[in-house]
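Visitor: I have a structure open here and would like to walk through a few spots with you. Could you bring it up?

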Amino acid sequence: MKTPVIDGHCDVLLKLYNNPAIDFHDPKEGRLDVTYSRLRGSNVKLQFFAIYLPERITEARFDHYLEYIDIFHRQVERQGKLRLVRTRLDLEEVMGGQEIGGLLTLEGADALNASPLYTRILYHLGVRLIGPTWNYGNWAADGILEPRRGGFSRKGKSFIKECGDLGILLDASHLSVASFWDLAASSPRPFVATHSNAKALCGHPRNLDDRQLEELIRRDGRIGVTFVPYFVESGKPASIAGLVRHIDHICSLGGVDRVVLGSDFDGISEWIPGLEHAGQFYRLEEELRKHYSEAQVTGFLSRNWYTFLHSHLPPF
């Protein structure tokens, strides 16, 4: 039996939104990196599914989010196979049972429009983690590619509190540097970066510098190493060994219990050789076992995510 895996980011729902003919449950489906059969084959126990609106949608509406949630229930969730994880009890049951769990996340809160009602509705519908921005600015905060390089707005700081009060986790992966530090200052709860690597090894803007990594480690947050090749290497081909070097770096800062996975499968058009889809997590595991103990490898692949979620999801 392969080591259980929890993956903190994929964009399957985007592909299903763009092309309803894609079949997540068809073992022969070649248009997805993440399919049910690949998750099952890799012993993935929990997959995060992002609600991310394509850039062609220039005026995001709340019903776009509802469409994605409907797609999850109609095309991804299936009784006895894959179920929505909302609570600690759900998490325990999927980790100990035969079903795979799906956790809904939101990447870019543009269509929430500073409405506490909309935020509460998403919580009631099962969304448990929100990245306030994608790469650019919105009503809440600036993203990492927003030229003005601002932080959270006044409404955005109220949103941080609303999410904390509800029990919605926050994701810093696309935030500007100023927004990252505003979140750190404003949130009493730990937060995460679901799919970012170490800037010290690869200078992509979406990677995190050592101060940011150290803050996430200090706060008992989580850092999801991502499989995007140009987040792993700049100027040369990426490799699984290169991805492991990012894990090495985070561990060198004290983050051995904070490292998790955030593949970004189905959100990428380039892949690390040998790590092209969700059926190949075992190859990362093989490389990790050359450098780390059994307990550490299990932590990276699933336990570190599990302990975080078990602490912060509602009990039932």
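Predicted model: local features only at pLDDT ≥ 70, side-chain atom pairs only at ≥ 80, totals over all residues.

Visitor: How do the axes of H3 and H5 cross, and within what distance do they come?
Guide: The axes of helix H3, residues 62-76, and helix H5, residues 116-124, come within 12 Å and cross at roughly 0°. Angles under 35 degrees count as roughly parallel, and H3 and H5 are therefore described as roughly parallel to each other.

Visitor: And which residues meet there?
Guide: On the H3 side they are Phe62, Tyr65 and Ile69, and these meet Tyr118, Ile121 and Leu122 of H5. Sorted by class, this contact of H3 with H5 has six nonpolar residues, with no polar and no charged ones.

Visitor: Switching to cysteines, how many disulfides are there?
Guide: A search of the whole structure finds zero disulfides.

Visitor: Is Cys10 buried or exposed, and what about Cys163, buried or exposed?
Guide: Cys10 counts as buried because its relative accessibility is 0%, and Cys163 is likewise buried, with a relative accessible area of 0%.

Visitor: Last one, where is Gln296 found?
Guide: Gln296 is found in helix H12, which covers residues 294-312, and at 29% relative accessibility Gln296 counts as partly exposed.

Visitor: What lies 3.0 Å from a polar atom of its side chain?
Guide: That is the backbone nitrogen of Ser293, which lies 3.0 Å from a polar atom of the Gln296 side chain.

Visitor: And how far apart are Gln296 and Gly41?
Guide: Gln296 and Gly41 are 255 residues apart in sequence, and from C-alpha to C-alpha they are 22 Å apart in space.

Conventions
Residues numbered from 1 in each chain as written. Heavy atoms only, no water. Axes fitted to C-alpha atoms, helices over the stretch in contact; angles between N-to-C directions. Helix = DSSP H or I, 4+ residues; strand = E, 2+ residues; numbered from the N terminus. Parallel < 35°, antiparallel > 145°, perpendicular 65-115°, else oblique. Contact = heavy atoms within 4.5 Å. Nonpolar A, V, L, I, M, F, W, Y, C, P; charged D, E, K, R; others polar. Disulfide = S-S within 2.5 Å. Buried < 20%, exposed > 50% of the residue type's maximum accessible area, 1.4 Å probe, protein only. Polar contact = N/O pair within 3.5 Å; in protein donor to acceptor, adjacent residues only side chain to side chain.
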